[in-house]
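Here is a short report on a two-chain model. Please look over the sequence and structure before reading on.

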Amino acid sequence: MAQDTNAATGFGIVSFGYAFGEDQDVAAVAADYVDDPDRVLKWGYRTFHRAAAGVTGTDLAREAGQQALDRAGITADAVDLVVVATTDMPEYSYWDAASALARELKIERTQTLWLNEGCGAGVGGLFYVASTLAARPEADTALFVVVNRVSEFHRNRMNVINTVLSDAAVAVVVRRGHDANRILATEQFTDPEYSDLLRLDFGGAVQPLPPIGWDATDAPSAYDQVREQFAGDPAKLRKFIGERYTRLVEVIEGAAARAGVDRREIAHVIYLNDVSTSIAAVATPLGVPLERTNAAVAPGHGHMGGADQLVSLGLQLERGELAAGELVALCGISTGRWAASLIRV
Amino acid sequence: MSIAHHPRTTLAEEVRTATLAWVAELLEEPEVELEDSFLELGGHSALALQLGEYAKERFGDEYDLMVLFEQPLGRAADELSARLTAAATAEAA
């Protein structure tokens, strides 16, 4: 079923808000994180954002959320739903990031949802916003915030995957019947075989404490974990790496079919802030050139977890790079989860 | 050099030469050596797939990604040429 059958019942993004950690020059600080900074520099990132000590993910989320509300011209009490997606280590256990944000925004009572699904959550999360509003006819306005605040105790931001992890939050106000930036449809699926691919073994109930002498600079990289998962099975590794991209095209095509639009109409592809060749690997099969992706945004921000796609969408809209009526595909991968959402500008 | 060994050696050299040229092109590295590591040169999964496509188009098969990621480029090239030779031998038998 298409999420948006017509403008009156569909949902559109009214406004964007952002909060970025302090700008850091990749070339100047890479050697603080890895022994081989040249390898990091070759990925092509110029700048990433690093939140100052004491600035939490909730702080970033509040700043971005308040900006989105202000830009929409509404106050927090007009929000019927608060959805928060966090894509790094949460601040606490036995705690709720969405509830915490609602309190920070001085909302006294609302429905909340916290997603903690990795880097595709900013895309897949739009489904939960739209479907919740669809199931609550009396609700008109949602605040969706995606925040990535790297815990440098747990992870080395330059050695997790082939990107520089960055601290930022993005917020959007979504309103029923808003006719611009409409969320047409979301398609997503999970392949549970990869549930443990980026797992950190400690910090949960099974192994609450880190090993003695733990240091994030020595933490295993994603490649180490990939090697462990696929040890001795090159065919399976080849299949996994190939499917990373083919499955993104699959969910984009699925979203197009769900929305009832021709996928050849897709004018822009916004993926994670990955290296440009990876972005091209997603966009090229769809006939979208690199110039109409987030490839130009990524080097200046780094990989902001699940916030990448909505940050790019907002910035590209503000720069006038996306024209009214154009179809934009947002897509991303979490651990074993592929997601795409189509936005009609 | 035996007649049987000659084509294998030629193929191995061809794969090695092509591997260095492709890696240099994809990673925009003017000088690539057989001892270099794909990952340390800045290689990643999307480039590995592209490299594999080049190899498949020219030689009919791809690199073993585990070898490409973990061993020097020369080893990845030799592993591919050994597989190609084995496949050709099996086909001829």
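A residue is buried if 20 or more other C-beta atoms lie within 10 Å of its own, exposed if 12 or fewer, and partly exposed in between. The model read here is predicted.

Is Thr110(A) buried, exposed or partly exposed? Thr110(A) has 18 C-beta neighbours inside 10 Å, so it counts as partly exposed. Its place is the loop between helix H4 (97-104) and strand E5 (111-115) of chain A. Leaving aside residues up to four places away in sequence, Thr110(A) touches Val79(A), Asp80(A), Leu81(A), Val82(A) and Ala102(A). Ala298(A) is 188 residues apart from Thr110(A) along the chain, and 34 Å separates their C-alpha atoms.

## A covered helix in chain A

Helix H8 of chain A spans residues 276-283 and is mostly covered. Seven of its eight residues are buried. These are Thr277(A), Ser278(A), Ile279(A), Ala280(A), Ala281(A), Val282(A) and Ala283(A).

What do the buried residues of H8(A) pack against? Within chain A, the partners are helix H7 (234-259), strand E9 (266-270) and strand E10 (327-334). H2 of chain B also takes part in this packing.

## Where the chains meet

How many residues of chain B are in contact with chain A? The count is 13 residues of chain B, against 16 residues of chain A. Helix H2 (45-59) and helix H3 (65-70) of chain B each supply at least two residues of the side that touches chain A. H2(B) gives the largest share of that side, five residues. By class, the side of chain B that touches chain A has seven nonpolar residues, three polar and three charged.

## Annotated spans

For chain A, an unreviewed UniProt entry lists residues 257-344 as "domain: Beta-ketoacyl-[acyl-carrier-protein] synthase III C-terminal". This span of chain A is 25% helix and 24% strand. Its end C-alpha atoms lie 14 Å apart.

For chain B, an unreviewed UniProt entry lists residues 10-85 as "domain: Carrier". Over residues 10-85, chain B is 68% helix and 0% strand. The end C-alpha atoms there are 11 Å apart.

## Confidence

Chain A has a mean pLDDT of 93. Of its residues, 97% reach 70 or more.

Residues 4-8 of chain A stay under 50 in pLDDT. The model has eleven contacts beyond four places in sequence for these residues. Where pLDDT is low, predicted coordinates should not be read in detail.

How values were computed
Residues numbered from 1 in each chain as written. Chains lettered and ligands numbered in written order. Predicted model: local features only at pLDDT ≥ 70, side-chain atom pairs only at ≥ 80, totals over all residues. Contact = placed C-beta atoms within 7 Å. Helix = DSSP H or I, 4+ residues; strand = E, 2+ residues; numbered from the N terminus. Nonpolar A, V, L, I, M, F, W, Y, C, P; charged D, E, K, R; others polar. UniProt positions renumbered as here; feature names shortened; annotations may be inferred. pLDDT = per-residue confidence, 0-100.
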